[in-house]
Amino acid sequence: MLPRKRHCEGVVVEEDTDNISFPNKNRIVTAVGAADSVVNSDRNLSSSSNNNSSSSGYVMAFGDNNPPDIDEDLHSRQLAVYGRETMRRLFGASVLVSGMQGLGVEIAKNLILAGVKSVTLHDEGTVELWDLSSNFVFSENDVGKNRALASVGKLQELNNAVVVLSLTSELTTEQLSDFQAVVFTDISLEKAVEFNDYCHNHQPSIAFIKAEVRGLFGSVFCDFGPEFTVLDVDGEEPHTGIIASVSNDNPALVSCVDDERLEFQDGDLVVFSEVHGMKELNDGKPRKIKNARAYSFTLEEDTTNFGMYEKGGIVTQVKQPKVLNFKPLKEALSDPGDFLLSDFSKFDRPPLLHLAFRALDKFISELGHFPVPGVEDDAQKLISIASDLNDSSGDDKIEDINPKLLRHFAFGARAVLNPMAAMFGGIVGQEVVKACSGKFHPLFQFFYFDSVESLPSEQLDPDDFRPVNSRYDAQISVIGRKLQKKLEDSQVFVVGSGALGCEFLKNLALMGVSCGNHGKLTITDDDVIEKSNLSRQFLFRDWNIGQAKSTVAASATLSINPSFNIEALQNRVSTETENVFNDTFWENLSVVINALDNVNARLYVDQRCMYFQKPLLESGTLGAKCNTQMVIPHLTENYGASRDPPEKQAPMCTVHSFPHNIDHCLTWARSEFDGLLEKTPAEVNTYLSNPSEYTNAMRKAGDAQARDNLERVLDCLDKDKCETFEDCINWARLKFEDYFADRVKQLTYTFPEDATTSTGAPFWSAPKRFPRPLQFSTSDLGHLHFVMAAAILRSETFAIPIPDWGKNPSKVAEAVDRVIVPDFQPKEGVKVVTDEKATSLSTASVDDAVVINDLITKLERCRTKFTPTFRMKPIQFEKDDDTNYHMDVIAGLANMRARNYSIPEVDKLKAKFIAGRIIPAIATSTAMATGLVCLELYKVLDGEHKVEDYRNTFANLALPLFSMAEPVPPKVINHRDTSWTGWDRWTLDNNPTLKELLQWLKAKGLNAYSISCGNCLLYNSMFPRHKERMDKKIADLGREVAKLEIPPYRRHLDVVVACEDDDDNDVDIPQVSIYFR
């Protein structure tokens, strides 16, 4: 239990300070493109991390040597990004966040969700109404309270495992030594230089980050010390390849199988393993490669005198640590080096913003206040200061200081806008994680960003920026009252209430979206809250587990802004819910914001938005990566216009007989789990519920699949029937023998190690791996745990109580030893599928019908042994409950199979990531994505922006990389003097007849030869009888021919028309909607 805190003015008194210790400091981290400041390190990591007093430089400190255990249920998605070691370092990290306006609270939120040891919130100021535009923990009741004290309680709720402290007095440099990283969001340059010098020269160095959000402008500066080592530059798994051949040359040519393209780059270091013949390569020594190609590379080594390569071998990339030499702020201000660029259309912007932020600091120090929004004298004063600074900058002088841009900067300088705070909160939060863990490449060293395109398109009067004594005053000072009114009166549909959805709701509430008299936001999500959600979906608490996501999120958002007009639904957005989300619903919307986690749902919403001409703001995350896409009617292409290539699937024969990596083993394990514990029991229940109907269906099918189904049902109810827990152990032990011994013996009997293909080539050549059967032993915990877990789940399917000893390994071992395992004799003529294009392992037989009848007869006899009410209990895989033995069985299946094929095994957590198809996720990339989308929302709701004003973004916080680009316009089809895109939909009112529709198209120079509705053909010019339909109404044809049941809320039906021009060339035309009500 964490110590409780008592707050006093300026200090925090701990009731049990013995339980809190600040971390010992041993640090490390690296970066791409840091020019001459990057030093490659060949030193041993352990020695460099412990040598704190090294004369060659300072070494940053990583976390506590005794971090708490990781709650894998809570942090599973984050573990998939960081791994255990990084998480342990985070758990030992103490961080200071100074400045608790919108940016500071966003950074603190992300760090607390990440699970650092402690976060100390510092602020000497008091809450103002102005702050409510960007700080989600403040309410109007907090006005007048110290910002840090007002923030502690709500931030602590995010994660009780993190100590959240407050500090309200003036900071001293000595206090900084208590932290591994310090972040300042509201500090003068003079004070920042003082603090930074202390942190830079401290032994070990303290990571220093200065970040600011000023209206639609933001900046970040990072200094992690004179020598900072990155353990993992990009967070990606080391690339591997399967060797096909190695030449005895200087340099040696290494060729790999063409199963997958190699991802190596020139200069990479690699190690070899499992090489037969040329065993000298298996010494574990990293070797440098060059001439990297898709399936080959050369080795910078003479292999002339090495043994002759025979077969096999894996080549694996070795990820190297690097060292960065950061400059202190005082030096970097005048010599900033290369700026991190985010938008190539603004390649000259960072130096100008570097100047602007320095000018703002000087303005405040001279005048004692920020430039006042709308006051031209203040804007001109800042421009004058910037001009003077520029004139004195020598060779770095900027030719055009862009007074118009600086004027926008001045007017919004005091405001912290929520979208900017969310975006920079994600960026800075990730930088702190890098500083405390050595995971990912730090930002080196300045990053500047602006979104001036988010300003209203029309020129506003200065009075429009003046405050009106509302919680939105800070935002009004930047975007004006007119756009603020549009935000408040907007009709918004947010689809999804997970990690993205929670962040969006928070942002929208702070922005005042749908908070006016005419505004409304609808949020829908059919999911419920799980424990694993709590590390990212920050609106949820542990007491909400099991409750509807949308309902809890809506309630939590009302505490952020009570004026939020929000309705929460629990409906999946799909064709099945078009009675809920009907035409009227879609037609009334201002914008749709997707917060979804699957492509099919995105595509459906995309089609709806195209149909009803609604803007769609799309985003997604994957670990440290995020992307945003703006889908704007008639300006951009839609989401579905371009798609990623489908994910490559391993051939079925590879998964079932010839695996060569752990992914194949886990895919097979998941398939076996579903078959044994879910599909077969469900098939049994289908049979028992209606035996005659089931058997008739099997006879009618009469194929290999029907035969397999009947065999599985019969086995389950007959020879594999379980009545006691001992029966379940017997079944599990025999399954082990079948899977990991007998099947392997049969496979190697059919294809011996020296087998050849029809061309004479070795059958067991790469990527195939020759398997060896396992010899079961109760002394092998992997063997025993698999049998125990499988027996427990088998007992669940038969509703057999698990005895007290059933989860005791030693007692289970005694029961296992009593199981009689029959000897196995390989069979002649067994067919093994080797065709990589095969889609089924079942092979048809001429006597399938006879076998099926025999199986049904046996099944009917077997059924009489069961009571009429007997049913099995199918088990549906649930990855996020570590007590249910599901992952124990899957990890056991996969790892035993991996042993068969000499494939490296994985722990249960790694198995969960792969078999459970867990999407890696962290709060920082989610926050950044939603901030970027909300910057685009300003443009959408303003309604007058051009396509060149919008931005799609791809970002990778691990590198870091920010790539922003103008959206792609839609494809235009030209015909005669008209043109259209996929956004267009042609509508005809008053329910025209078929003849009238054809004439209407003819007037456009289009000859319709086919008209369909749904799957039915209403008209085709080739069918003479269709001419009899000419005088019928289209809607009547839809009812009569297509058998449409048109619901009362539907006012139209849609038809697809195939047309030709007068030269008989096909012309793609928009969808045609016929309105009949």
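This is a predicted model: local features need pLDDT of at least 70, side-chain atom pairs count only at pLDDT 80 or more; totals for chains, interfaces and linings use all residues.
Once its neighbours within four places in sequence are set aside, L155 is in contact (heavy atoms within 4.5 Å) with M100, V105, A108, K109, I112, L121, F136, V137 and V164. Residues are numbered from 1 along each chain as its sequence is written, and side-chain values use heavy atoms, with hydrogens and water left out.

L155 also belongs, with M423 and F447, to the residues with the most contacts inside the largest nonpolar core, which has 178 residues. A nonpolar core is a set of buried Ala, Val, Leu, Ile, Met, Phe, Trp, Tyr and Cys residues joined through side-chain atoms within 4.5 Å, and buried means under 20% relative accessible area, against over 50% for exposed and in between for partly exposed (1.4 Å probe, protein chains only). Helix α27 (residues 923-942) gives this core its largest share, 11 residues. At least three residues of the core come from each of domain 1 (67-233 + 324-347 + 414-480 + 919-936 + 952-966) and domain 3 (490-622), with bounds taken from an automatic or database domain assignment. A second, separate core of 78 residues includes L688, C722, F763 and V819.

Helices (H or I, at least four residues) and strands (E, at least two) are DSSP runs, numbered from the N terminus. Strand β8 is mostly covered, since eight of its eight residues are buried. A207, I209, A211 and V213 point one way from β8, whereas F208, K210, E212 and R214 point the other way. In a regular strand the side chains alternate between the two faces of the sheet.

Two strands pair if DSSP finds at least two bridges between them. Strand β7 (residues 181-184) runs parallel to β8 and is joined to it by four bridges, with F184 having K210 as its bridge partner in β8. Between β7 and β8 the chain passes through helix α6 (residues 189-201) in a right-handed β-α-β crossover, meaning that, with the strands pointing away from the viewer, the path from the first strand over the helix to the second runs clockwise. With β9, by contrast, β8 pairs in the antiparallel sense over seven bridges, and K210 stands opposite F221 in β9. The hairpin of β8 and β9 has two residues between the strands, and in it G215 takes a positive phi near 65 degrees.

## Helix α10

In helix α10 (residues 403-411), the buried residues are L405, L406, F409, A410 and F411. They pack against β8 (207-214) and β9 (217-223), and also against the helices α8 (349-367), α9 (376-391) and α12 (473-488).

## Strand β23 and its partners

Strand β23 (residues 616-622) is largely enclosed by the rest of the structure, because five of its seven residues are buried. Strand β22 (residues 591-594) pairs with β23 in the parallel sense over two bridges, and the bridge partner of I593 is L617. The crossover from β22 through helix α16 (residues 599-612) to β23 is right-handed. Seven bridges join β23 to the antiparallel strand β24 (residues 625-631), where T628 lies opposite S619. In the hairpin of β23 and β24, G623 takes a positive phi near 60 degrees.
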